Amino acid sequence: MTKSNERKLTIARAMAEATAQEMRIDPSVFVMGEDIGPLGGVYGNTRGLIEEFGAERIRDTPISETAFIGAAVGAAQDGMRPVVELMFVDFFGVCFDAIYNLMAKNIYFSGGNVKVPMVLMTSTGGGYSDGGQHSQCLYGTFAHLPGMKVVAPSNAYDAKGLMTAAMRDDSPVVYMYHKGLQGMGWLGTEAGATVHVPEEPYTLEIGKAKVVREGKDVSIVSCGMGVHNALKAAKTLEAQGVSAEVVDLVSLVPLDRDTIRASVAKTGRLIVVDEDYMSYGLSGEIIASVTEHDISVLKAAPKRVAFPDVPIPFARVMEQFCLPNPDKIVAAWDEMQAA
Amino acid sequence: MAVKKSSKKPNVSAQELQAYYHDMLLIRRFEEKAGQLYGMGLIGGFCHLYIGQEAVVVGLEAAAKEGDKRVTSYRDHGHMLACGMDPNGVMAELTGRIGGYSKGKGGSMHMFSKEKHFYGGHGIVGAQVPIGAGLAFADKYKGNDNVSFTYFGDGAANQGQVYETFNMAALWKLPVIFVIENNQYAMGTAQARSTSSPDIFTRGAAFGIPGEAVDGMDVLAVKAAGDTAVAHCRAGKGPYILEVKTYRYRGHSMSDPAKYRTREEVQKMREEKDAIEHVRDLLLTGKHATEDDLKAIDKSIKEIVNASAEFAKESPEPALEELWTDIYADDASQTA
Ligand SMILES: Cc1ncc(C[n+]2csc(CCOP(=O)(O)OP(=O)(O)O)c2C)c(N)n1
Ligand SMILES: [Mg+2]
């Protein structure tokens, strides 16, 4: 089925390509972060950039997140378009003030007088036994706080379009990429994330979800890695005669509630898959978005497949037990039927 | 390495030298074994080996007394072995087993031993530095003369919280020894590319904290500097900074191919500066040990390390019920 013009890229390469294309046409874009230069980023998303743009625009930083993220806010307010990397989302603890008190609020605090056009890229997710300070998703933590847009691509096509859209956005965008989708050989990767990516630049609208598989019995809603688990579960369910629809959120903020509601209105059932901790987070938000709008569309109580409320354990057996997977999604459907 | 060699070398006994040799070699062989187990897929995640830096922690432990505290980063296996933690418990944590120091919940970067006064194993660069000050605060408050060995890297030295801690420690005269393990790289970034001044120890001057650079490939120089720092802290004069110039032979972690430096650079260090070879030389040329004595030490270490690997493979995986224990001290938990 491979078309002759098929050009499959990993998310890492799609992000780097989008960045390079934007840097060619917009001199105000520059990239900074730890080991994003000659090393090309721990997760490959800045690979090749320093060779083309040099160390002035592709800037390795000291391990000083508060300083360089705060500085990016300053530079963004002064007409630059910084793309900044926080190597792992878990490291937000040392620099959150720059993120949620400055980056996220200065447009509002200035009554719109200043803009903060910056992209904060950060890696999320676990599954490779890296312990509780290197495996979190924290979608809910970031999406909870007003003032920053938050995106989380599940495949390379979306990754490129979102990256370009994020760099052109005058608001701060947190770009959460999942390590298990990046296409890094040493880490193992989800094949479904590596897809055809057009050569020319394009944007994907931030704030729009996608129905990536149509179905009529149940809506499975997720983002990032969860979308692939949902698609696998949908295949299993199909073999059992169940037609599952899969919604890829693509953006967490703004959240495309219309697409979610329309899907659930059609199927009458909702399963939310979230690799972030369960309580007070994304899964609850999705369910509330449906139920507070129109509870009558539901034929069954919604279900969530999320990470339990425990720090992420190192031991492989324990971590794998906690992570969402296709079997758990199928089990959620079964429970829904049994209820 | 332009390091001012510590002039006063202690009058070292055969027994001490042999102990340094033993402890450094134990760390190296343990780390080599951990590397093998990682290669076999028995250890996951990021695993940061201490190979090359052994003299730092062994020299400083030789200056410590019972009751002193230690805290470090994710490159922590050497520190745990040097302070007397059980190699079995460390290795089994690396393989994520119930017999590991954290029952498999922490992993390579997160282990503790209250008994040995080892307060982690921390994965967030620089985060252990204020903890080290807190350990010292508690000891000072309680009125004993324990000191806190607070280890961090050249890369970590660019984190803001390090300087907040310097100020507080100086202000409150806390007995902290800030040990900067300068192995010249922070992941793929050479020190000169990230750090505005080459001598990190001089940064204490702004806070009135004395400091010195030490040759970290010479265990005797480290021990001597450790003695000076410890004496300063125990006398109630406040913190002290040791910038120990060292080198890691392996990649930053097991997944790092280390393309940012040449093979020759690493080779040169190994051949000309290796800390274990240095002590071996001292032992043999000073007639403090025979080849046979050293062989016996090598053999006993091999046994310890092999036993730890066996233990780490045999120890059972944690039961899933363990997921919900130890979250709170009283095991309160939330129902789903
Ligand atoms: C706050 C934070 N930022 C970044 C990282 C990623 N990281 C882990 S180790 C490391 C390099 C640290 O270098 P150094 O302090 O010199 O210690 P070494 O690894 O050389 O022992 C980086 C950037 C992290 N773990 N935490
Ligand atoms: Mg270093």
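This is a predicted model: local features need pLDDT of at least 70, side-chain atom pairs count only at pLDDT 80 or more; totals for chains, interfaces and linings use all residues.
User: Why does E115(B) count as exposed?

Analyst: E115(B) has 10 C-beta neighbours inside 10 Å. The limit for an exposed residue is 12 or fewer, so E115(B) counts as exposed. This residue is found in the loop between α4 (87-94) and α5 (128-142) of chain B.

User: What makes helix α2 of chain B mostly covered?

Analyst: The helix spans residues 54-61, and eight of its eight residues are buried. A buried residue has 20 or more other C-beta atoms within 10 Å of its own. In α2(B) this class includes E54(B) and E61(B), along with V56(B), V57(B) and V58(B). The C-alpha atom of E54(B) is separated by 22 Å from that of E115(B), and the two residues are 61 positions apart along the chain.

User: What does the UniProt record annotate over residues 23-320 of chain B?

Analyst: The unreviewed UniProt entry carries the annotation "domain: Dehydrogenase E1 component" for that span.

User: Why is chain A described as being as compact as a globular protein of its length?

Analyst: Chain A has twelve helices and 14 strands. Its radius of gyration is 20 Å, and the globule rule gives 20 Å for 339 residues; the two values are close, so chain A is as compact as a globular protein of that length. Of these residues, 59% count as buried. Among contacts in chain A with a separation of 6 or more, 79% come from residues 24 or more positions apart.

User: What makes the site of ligand 1 shared between chains?

Analyst: The residues that surround ligand 1 come from chains A and B, so the site is shared. There are 20 such residues, and the closest are V125(B), G153(B), G155(B), A156(B) and A186(B). By class, the shell holds ten nonpolar, six polar and four charged residues.

User: How many residues do chains A and B bring into contact with each other, and which element of chain A gives the most?

Analyst: The contact involves 31 residues of chain A and 34 residues of chain B. On the chain A side, α3 (65-77) and α11 (316-322) are the elements that give two or more residues, and α11(A) gives the most, with five. The side of chain A that touches chain B consists of 18 nonpolar, eight polar and five charged residues.

Terms used: Residues are numbered from 1 along each chain as its sequence is written. Chains are lettered from A and ligands numbered from 1 in the order in which they are written. Helices (H or I, at least four residues) and strands (E, at least two) are DSSP runs, numbered from the N terminus. The radius of gyration is taken over C-alpha atoms; the globule rule is 2.2 Å times the number of residues to the power 0.38. Two residues are in contact if their C-beta atoms, placed from the backbone, lie within 7 Å. A residue is near a molecule or strand if its C-beta atom, placed from the backbone, lies within 6 Å of it. Ala, Val, Leu, Ile, Met, Phe, Trp, Tyr, Cys and Pro count as nonpolar, Asp, Glu, Lys and Arg as charged, and the others, Gly among them, as polar. UniProt positions are given in the numbering used here, feature names are shortened, and annotations may be inferred rather than shown by experiment.
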